[in-house]
Amino acid sequence: EKEAQERGQAKQELMGGGNRSERIRTYNYPQDRVTDHRCKQSEYGIAQILQEGNLAMSFAPSLRTMYRDEVLNEIQEADQQG
């Protein structure tokens, strides 16, 4: 029983609770918009983005910048600590 409870807890941590704050991307068809919540960027023209297969490329520059900034911040914090 304890083992099943631990597995359930691990699954919940991996999958998340389904809260809106945990969403990565929102597809808003009435407004013809895709928003990536990690980098807070929106792109318009859902059909064209999906047909061309450019969904990842639409957000790639912003996500790369975000990742680079996070790594630089971690390096700076590590330098300050020791």
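Visitor: What makes β1 and β2 a hairpin, and which residue in the turn has a positive phi?
Guide: In this predicted model, β1 and β2 form a hairpin with four residues between them. The residue in that turn with a positive phi is D32, at about 55°.

Visitor: How do you know that β1 and β2 pair?
Guide: Two strands count as paired if DSSP finds at least two bridges between them. Strand β1 (residues 25-28) and β2 are joined by four bridges, so the pair meets the criterion. The two run antiparallel, and Y27 stands opposite V34 in β2.

Visitor: What joins β2 to β3?
Guide: Four bridges do, with strand β3 (residues 41-44) running antiparallel to β2. Against the cut-off of at least two bridges, β2 and β3 are therefore paired. R33 stands opposite Y44 in β3. These strands also form a hairpin, again with four residues between them; K40 in the turn has a positive phi of about 55°.

Visitor: Why are β1 and β3 called edge strands?
Guide: The sheet is open and has three strands in the order β1-β2-β3, with antiparallel pairing. β1 and β3 each pair on one side only, which makes them the edge strands. Neighbouring strands of this sheet are turned by 15° against each other on average, direction ignored.

Visitor: What makes both faces of strand β2 covered?
Guide: In a regular strand the side chains alternate between the two faces of the sheet. In β2 (residues 33-36), R33 and T35 lie on one side, V34 and D36 on the other. A residue is called buried under 20% relative accessible area. All four are buried, so both faces are covered.

How values were computed. Residues numbered from 1 in each chain as written. Predicted model: local features only at pLDDT ≥ 70, side-chain atom pairs only at ≥ 80, totals over all residues. Heavy atoms only, no water. Buried < 20%, exposed > 50% of the residue type's maximum accessible area, 1.4 Å probe, protein only. Axes fitted to C-alpha atoms, helices over the stretch in contact; angles between N-to-C directions.
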